[in-house]
Amino acid sequence: MEHVADSLVTTLLGFFSGSVIGIPLGIAMAWSQKIDKIAKPLFDMLRPIPPIAWIPIMIVVFGIGTSARVAVILLAAFVPCVLNSYTGIKQTSEIHIWVARTFGATRRQLLFKVAIPTALPYIFTGIRVSLGASWMALVAAELLASSKGVGYMIQTARFVGRADLIMVGMLVIGFISMILTALLDWFERKFVTGES
């Protein structure tokens with residue numbers, strides 16, 4: 001349970017940090033041409049780099065500990081959130097924007113009353129993809145740069161030939177991910193479709 005708790009806290013820290021940074025950035029890039037021109041080239045350069053490739057740099061910067069793993073997970077969660085938020089805002093119907101402008105909506109109202117509500121399905125898809133990417137990044141980071149956590153437990157079990165512990169670790173990751181995905185589905189139904 002100590003390994004599970006450590007992995008869960010680390011994953012959620014990185015996941016929430018990546019989402020909190022990635023979603024507003026994706027929205028801002030899609031909504032503002034100035035921000036898009038500045039941020040998009042940098043994002044396009046960082047996007048193809050797999051999160052696992054950042055592990056050695058994070059170890060050098062933060063050492064072998066929670067901070068390095070959180071930073072790797074943050075990067076893994078950040079990219080899908082930016083991409084889906086950006087796509088969602090860009091998919092906003094011109095007709096909806098035109099109607100809102102006809103009724104005197106300001107640019108701020110267009111963003112918060114038309115564009116973001118329209119983009120919510122894309123944003124939640126990005127969050128869901130980010131959650132899966134966070135778990136993959138966590139396990140990779142714990143295999144290489146950790147002294148505790150489910151990934152570390154799996155690696156240790158491999159060294160001592162404990163296939164049962166490896167399977168338990170995999171099942172725990174799947175079970176926790178299933179619960180978190182169910183929570184996301186509930187939030188999506190509540191905020192996107194209005195269901196309870």
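Helices here are DSSP runs of H or I with at least four residues, numbered from the N terminus. Axes are lines fitted to C-alpha atoms over the stretch in contact, with angles from 0 to 180 degrees between N-to-C directions.

Welcome! This is a predicted model, in which local features need pLDDT of at least 70, side-chain atom pairs count only at pLDDT 80 or more, and totals for chains, interfaces and linings use all residues. Residues are numbered from 1 along each chain as its sequence is written, and side-chain values use heavy atoms, leaving out hydrogens and water.

**Exercise 1.** Describe how helix H3 packs with helix H4.

*Solution.*
- Step 1: H3 (residues 55-62) and H4 (residues 66-90) have axes that come within 8 Å and cross at roughly 140°.
- Step 2: That makes H3 oblique to H4 (angles under 35 degrees are roughly parallel, over 145 roughly antiparallel, 65 to 115 roughly perpendicular, and the rest oblique).
- Step 3: For the contact (heavy atoms within 4.5 Å), H3 supplies Ile 55, Met 58, Ile 59 and Phe 62, while H4 supplies Ser 67, Ala 68, Ala 71, Val 72 and Leu 75.

**Exercise 2.** Now do the like for helix H1 and helix H2.

*Solution.*
- Step 1: The axes of H1 (residues 2-31) and H2 (residues 33-46) lie 6 Å apart, and the packing angle is about 125°.
- Step 2: H1 is therefore oblique to H2.
- Step 3: On the H1 side, the contact is made by Leu 25, Ala 28, Met 29 and Trp 31. From H2 come Gln 33, Ile 35, Asp 36, Ala 39, Lys 40 and Phe 43.

Notes:
Helices (H or I, at least four residues) and strands (E, at least two) are DSSP runs, numbered from the N terminus.
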